[in-house]
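Trainee: I'd like to learn how to read a model like this one. Could you walk me through the main features, one at a time?

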Protein chains: 2
Amino acid sequence: MTENGNLHYAIVGTGAVGGYYGGLLAHAGKSVHFLLNTDYSHVTKHGLRVDSPNGDFHLKKVNTYHNVKNMPPCDVIIIALKTTHNHLLPAILPPLMAHKDTLVLTLQNGLGIEEEIATLVGANRVIGGLCFLCSNKTGPGYITHLDYGKIIMGDYYQKRSPETISKRLSILANDLNSAGIQAQTARDILKERWKKLVWNVPYNGLCTLFQTTTDKLMRHAPMKLLIRDLMKEVVLAAKSCGAIIDNKFTDEMLQTTEQMAAYKPSMLLDYEKKVELELETIYHRPIQKAAKNGFQMKKTEVIYQQLLFLNNY
Amino acid sequence: MTENGNLHYAIVGTGAVGGYYGGLLAHAGKSVHFLLNTDYSHVTKHGLRVDSPNGDFHLKKVNTYHNVKNMPPCDVIIIALKTTHNHLLPAILPPLMAHKDTLVLTLQNGLGIEEEIATLVGANRVIGGLCFLCSNKTGPGYITHLDYGKIIMGDYYQKRSPETISKRLSILANDLNSAGIQAQTARDILKERWKKLVWNVPYNGLCTLFQTTTDKLMRHAPMKLLIRDLMKEVVLAAKSCGAIIDNKFTDEMLQTTEQMAAYKPSMLLDYEKKVELELETIYHRPIQKAAKNGFQMKKTEVIYQQLLFLNNY
């Protein structure tokens, strides 16, 4: 922390997610340090632009780094890489663990993320996060925020109960809030991950397989049945892993999505950009975890195997 | 029958299937009467051409009919329409039931075909048939036979046991054989239908969904797993309906398909021609029949709902 108690942030992955949240933090005057790869030169020279319905801004001078070893000690490391790049984390994270209280907040989708990071930095440093954000990287150092932006975060516990909200998590949430980021704390991040999967498993997969938007799926009665079946399967899988999701939640998700405008899930955007799909964390791990607990996600398996075909073929 | 004991045939649907088998029968000198719709004028004027690795032939004079009421009494009515046109059968079949021994041989795919025809002509007239044929209609009155050609036929029994092979079925098989058609009799046509579904359910659906050929699917390990899972599900569904298929059969089907050249199943050809897909008989009825017997074809349901989306969207 700085002398006045401010947190220092490192942003790992300055794309649609890291660029947006890191941009908001820096715009609010926080100490933010961006690790960049392809956009390093551009952002060093031209800064970071964020267009948003909440107000556009352009950060002309940004703390940019191309090598993790040059980054200063930080209090919070925000991981905003695609999970398909998590093989880079063993090289990135250890040098950033400057002092023993450095926290790692992961804003990645799917299951098993906290476990993966815990093996690199120790479980006690890990905060799990999920973002409900609609934004795109539309150019080098240029983020277009479209809608939403909430973060749900929870302490990672290797043993699931009793779950509490730690003081450090409250401090982090407050600091994010003070930068205009809607950050909420949750007692059970695993349950939150399963709840997000209730949406991600049907819509990411089916929109990608049919290269279509959510509204087109929702207008077709048998497809809507399939979406509902997949959602219910995710709820049962969650239950087998000890995360109890209210049955009404699937209806709420269906209704919310029905009322949304035409929406392209991130997996479809990745498919269109011809980058690797996040199948491991969004499909494979949930299937594996449920199977380990005696529940077979039969319908989800079909979608997963089809996506593997689309991804590799 | 003619005075010399020859059977008179009516061919309902002169496409890739009816044109090929009807063509072979006429080429062998049998009395064959073709009911035609779009190709009526062309075939009346130019006859019927069949190209085949077994020898090309051109029937210059063909007995063609545009209206079922003008057709003569026949002994065997061969139904070779797509099942998506079965709504036409209540108008077509009754006028053709000239005498009480007229038989109806259906060469259509899927389940519930015999039941459907039995309601129109009576159960005792129905012979169920399946063809293992690779042929296409490549132009008006022009059939290109590519490979295979076997027919498996069985008497339709409303109550499933004891099943026997009737004398009339043997006579029909012999008559077809005498025209160079490889027709085999089976005691249990329902079981044969389920066995054909073991192939049709995975390959028709997945080739259509991904607009690809069988060899491309078989080269992809997770897709092959999905195909195997679907086959096993069909075997279990068949079992729930009292049709016991040997477990080895799925391995045989996988191996056979792996050794085949690039193949486009009929459903993919239909999709490419933008005609309605045979989803009712190949997917919906098997799912319904298994469900009625307490078995849910979960993976097949996914493929079915996806195909409905593709079909209607």
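Mentor: Let's begin with the core. A nonpolar core is a set of buried Ala, Val, Leu, Ile, Met, Phe, Trp, Tyr and Cys residues joined through side-chain atoms within 4.5 Å. Buried means under 20% relative accessible area, exposed over 50%, and partly exposed in between (1.4 Å probe, protein chains only). A word on ground rules: this is a predicted model, where local features need pLDDT of at least 70, side-chain atom pairs count only at pLDDT 80 or more, and totals for chains, interfaces and linings use all residues. Residues are numbered from 1 along each chain as its sequence is written, chains are lettered from A and ligands numbered from 1 in the order in which they are written, and side-chain values use heavy atoms, with hydrogens and water left out.

Trainee: Which residues have the most contacts inside the largest nonpolar core?

Mentor: Trp194(A) and Trp194(B), in a core of 92 residues. For contacts in general, think heavy atoms within 4.5 Å. Leaving out residues up to four places away in sequence, Trp194(B) touches Leu111(B), Val234(B), Ala237(B), Ala238(B), Cys241(B), Ala243(B), Ile245(B) and Pro286(B).

Trainee: Is Glu114(B) buried or exposed?

Mentor: Buried, at a relative accessible area of 3%. Glu114(B) sits in helix 4 (residues 113-121) of chain B; helices (H or I, at least four residues) and strands (E, at least two) are DSSP runs, numbered from the N terminus. Among the residues that Glu114(B) touches are Tyr156(B), Ile189(B) and Arg193(B).

Trainee: How do I read the relation between the two chains?

Mentor: You superpose the copies by least squares on the C-alpha atoms of residues with pLDDT of at least 70 in both. Here a rotation of 180° with 0.0 Å of shift along its axis puts chain A on chain B, with an RMSD of 0.0 Å. The two copies are thus related as by a two-fold rotation axis. In chain A, the residue whose C-alpha comes closest to that axis is Lys299(A), at 2.8 Å.

Trainee: And how do I judge the interface?

Mentor: The size of an interface is often given as the accessible area lost when the parts come together. Buried area is that loss (1.4 Å probe), summed over both parts. Chain A and chain B bury about 2,200 Å² between them, with 69% of it on carbon and sulfur atoms. The contact involves 25 residues of chain A and 25 residues of chain B. Since 100% of the interface residues of chain A are also interface residues in chain B, the copies meet through the same surface.

Trainee: How many salt bridges are there between chain A and chain B?

Mentor: Side chains of opposite charge can pair when their charged atoms come close. The rule for a salt bridge is a side-chain nitrogen of Lys or Arg within 4 Å of a carboxyl oxygen of Asp or Glu. Between chain A and chain B the count is two. Take Lys299(B) and Glu301(A), whose side chains meet at 2.4 Å, N to O. Both Lys299(B) and Glu301(A) are buried. Lys299(B) also forms a salt bridge with Asp229(B), the closest N and O atoms being 3.3 Å apart. That pair links distant parts of the chain, Asp229(B) in helix 8 (residues 221-240) and Lys299(B) in helix 12 of chain B, 70 residues apart.

Trainee: What about domains inside one chain?

Mentor: Domain bounds come from an automatic or database domain assignment. For chain A it gives domain 1 (8-187) and domain 2 (191-311). Their contact takes 25 residues from domain 1 and 23 residues from domain 2 of chain A. The area buried between these two domains of chain A is about 1,900 Å², and carbon and sulfur atoms give 49% of it. On the domain 1 side, Lys82(A), Asn109(A) and Leu111(A) lose the most area to domain 2, together 35% of what that side buries. The rule also finds four salt bridges across the interface of domain 1 and domain 2 of chain A.
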